[in-house]
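Subject: Structure for your review

Hello,

Here is the structure for you to look over. My notes on what turned up in it follow below.

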Amino acid sequence: MNKHPNSINLACGRVVHVDAFSVEPTYGGMLAGVPDKELNDEIIAAALLSEEWGERKTHLVEPVVITGKCGAPLLPEWTCKAWLVCHDPVENGDGSELVVVWFAYAVFDHPLNAVVANAAIDLPWDELAEDFEL
């Protein structure tokens, strides 16, 4: 049993922990207008390009886009990112890591681990993560 306070047991059998987490309003920079596919694509691309924790392999959990009352395609209200670390390497190294990006609702209604686990639980860690050296 892993005793790290932010441990998450993935369905693939890996135990990862949340090294860092960030959340921001998906449309926080939008002052006027209605979202469209082009804007949503730009928001997703910007989230994936962010290097707030340095250059790391990043994976997008494909967002569910709904149609708003005005007919606009809407991403969930929160853009979330978690830097996940496993103390076991995928191949060779001191461990493995992955930054996961997803869009969510009701982020503040649940504990951090539950929010991250909901997005990360089914990740095929060995296919997505990369090893690191200390």
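**The largest pocket**

β7 and α2 (112–120) each supply at least two residues of the lining of the largest pocket. Helices (H or I, at least four residues) and strands (E, at least two) are DSSP runs, numbered from the N terminus. The largest share of that lining, four residues, comes from α2. The lining counts 16 residues, and W102, F103, A104, N118 and A119 lie nearest the centre of the pocket. The volume is about 250 Å³.

By class, this lining holds 13 nonpolar, two polar and one charged residues. Here Ala, Val, Leu, Ile, Met, Phe, Trp, Tyr, Cys and Pro count as nonpolar, Asp, Glu, Lys and Arg as charged, and the others, Gly among them, as polar.

On a 1 Å grid over the protein atoms alone, a pocket is an open set of points with protein on both sides within 12 Å along at least five of seven lines, while a cavity is a set where a 1.4 Å probe fits but cannot get out. Lining residues have an atom within 4 Å of a point. Grid points are joined across faces, edges and corners, and a volume is the space filled by probe spheres set on the points.

**Ground rules**

This is a predicted model: local features need pLDDT of at least 70, side-chain atom pairs count only at pLDDT 80 or more, and totals for chains, interfaces and linings use all residues. Residues are numbered from 1 along each chain as its sequence is written, and side-chain values use heavy atoms, with hydrogens and water left out.

**The chain overall**

The protein chain has three helices and eight strands. From the N terminus on, their order is β-β-α-β-β-β-β-β-α-α-β. The C-alpha atoms fill a box of roughly 50 × 30 × 20 Å along the principal axes. Of the 134 residues, 40% count as buried. Buried means under 20% relative accessible area, exposed over 50%, partly exposed in between (1.4 Å probe, protein chains only). Among contacts with a separation of 6 or more, 73% come from residues 24 or more positions apart. Contact means heavy atoms within 4.5 Å.

**The cavity**

The whole structure has one cavity of 30 Å³ or more. About 50 Å³ of space lies in the largest cavity. Its lining is S50, E51, E52, W53, G54, R56, T58, K81 and V99. By class, that makes two nonpolar, three polar and four charged residues.

In α2, N113, V115, V116, A117, A119 and A120 are buried. These buried residues pack against β1, β2, β6 (78–86) and β7.

A106 sits in the loop between β7 and α2. Phi of A106 is near 50°, a positive value in a residue other than glycine. Most residues other than glycine have a negative phi. A106 is partly exposed, at 28% relative accessibility.

I121 lies in the loop between α2 and α3 (125–128). At 30% relative accessibility, I121 is partly exposed. Leaving aside neighbours within four places in sequence, I121 is in contact with N9, L10 and A11. I121 and V16 are 105 residues apart in sequence and 10.0 Å apart in space, C-alpha to C-alpha.

**Aromatic pairs**

A search of the whole structure finds three aromatic pairs. Rings of Phe, Tyr and Trp (its six-membered ring) pair if their centres lie within 6.5 Å; planes under 30 degrees apart count as stacked, over 60 as edge-to-face and the rest as tilted. F21 and W102 have ring centres 6.1 Å apart and planes at 45°, so this pair is tilted. The pair links distant parts of the chain, with F21 in strand β2 (residues 15–25) and W102 in strand β7 (residues 95–104), 81 residues apart. F21 is partly exposed at 26% relative accessibility, whereas W102 is buried at 5%.

**R14**

R14 is in the loop between β1 (7–9) and β2. Its relative accessibility is 12%, so R14 counts as buried. What joins the side chains of R14 and D126? A polar contact of 2.7 Å does. A polar contact is a pair of N or O atoms within 3.5 Å; within protein, one must be able to donate a hydrogen and the other to accept it, and residues adjacent in sequence count only if both atoms are side-chain atoms. Not counting residues up to four places away in sequence, R14 touches I8, N9, C86, D88, P89, V90, S96, W125 and D126.

Best regards
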